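Here's a quick tour of one protein chain, starting with the whole and ending with a couple of residues. Have a look at it first.

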Amino acid sequence: MKADSVTEKAVKAILDKFAESYARRDLKSAMSLIAPDDDVVIYGTGADEKRVGQEAIKAQFERDWAQIEDPGLEYNWISISAAGNVAWVAIDAVLKAKVDGQNLRFQSRITMVLEKRGDRWLIMQGHFSFPDQSQFFD
């Protein structure tokens, strides 16, 4: 079900703060958006990037930032749905990074599940992927 305007605005603010935190390499800010639960999960784009719990997610952010310069996340399309205190999002995005002096842009897909606790929305699950570039259609 499509989120109401209040929920949509609040969740979009979390998504924007996540993108800003990631681009600034602000670990404290990024982690403040992640639920403190032991079963919080984020999947990255790498085959080995399944991170469960805050410490593992923190380590993944640090690993990402060690591998790239000038990180950035640009949202092109966002769908926000909700029921009660749970919201789920689907995003078409561009992951920007500088690797070995070369500016790169990767078309990306992101899904997240957030839960409202008190007056705060927290990320409970996240999944980041790159669309399969081997599929070409006319």
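Of the 138 residues of the protein chain, 39% count as buried, where buried means under 20% relative accessible area, exposed over 50% and partly exposed in between, using a 1.4 Å probe and protein chains only. Keep in mind that this is a predicted model, in which local features need pLDDT of at least 70 and side-chain atom pairs count only at pLDDT 80 or more, while totals for chains, interfaces and linings use all residues. Residues are numbered from 1 along each chain as its sequence is written, and side-chain values use heavy atoms, with hydrogens and water left out.

On to the overall build. The protein chain has 3 helices and 6 strands, and from the N terminus on they run α-α-β-β-α-β-β-β-β. Both kinds of element are DSSP runs numbered from the N terminus: helices are H or I with at least four residues, strands are E with at least two. The C-alpha atoms fill a box of roughly 45 × 40 × 25 Å along the principal axes. A compact globule of 138 residues would have a radius of gyration near 14 Å, and the chain's 15 Å agrees with that; the radius is taken over C-alpha atoms, and the globule rule is 2.2 Å times the number of residues to the power 0.38.

Contacts here mean heavy atoms within 4.5 Å. Among those between residues at least 6 apart in sequence, 50% join residues at least 24 apart. As for the surface, the protein chain exposes about 8,200 Å², and carbon and sulfur atoms supply 51% of it; the areas come from the Shrake-Rupley method with a 1.4 Å probe, and for residues only the protein chains shown count as cover.

Now for two residues side by side.

| Residue | Relative accessibility | Class |
|---|---|---|
| Ser-29 | 12% | buried |
| Phe-130 | 35% | partly exposed |

Ser-29 lies in helix H2, residues 27-31. Leaving aside neighbours within four places in sequence, Ser-29 is in contact with Lys-17, Ser-21 and Arg-24. With Ser-21 there's also a side-chain to side-chain polar contact at 2.5 Å, that is, a pair of N or O atoms within 3.5 Å; within protein, one must be able to donate a hydrogen and the other to accept it, and residues adjacent in sequence count only if both atoms are side-chain atoms.

Phe-130 sits in the segment after strand S6 (120-129). Not counting residues up to four places away in sequence, Phe-130 touches Thr-45, Leu-95, Phe-106, Gln-107 and Ser-108. The C-alpha atoms of Phe-130 and Arg-109 are separated by 6.1 Å, with the two residues 21 apart along the chain.
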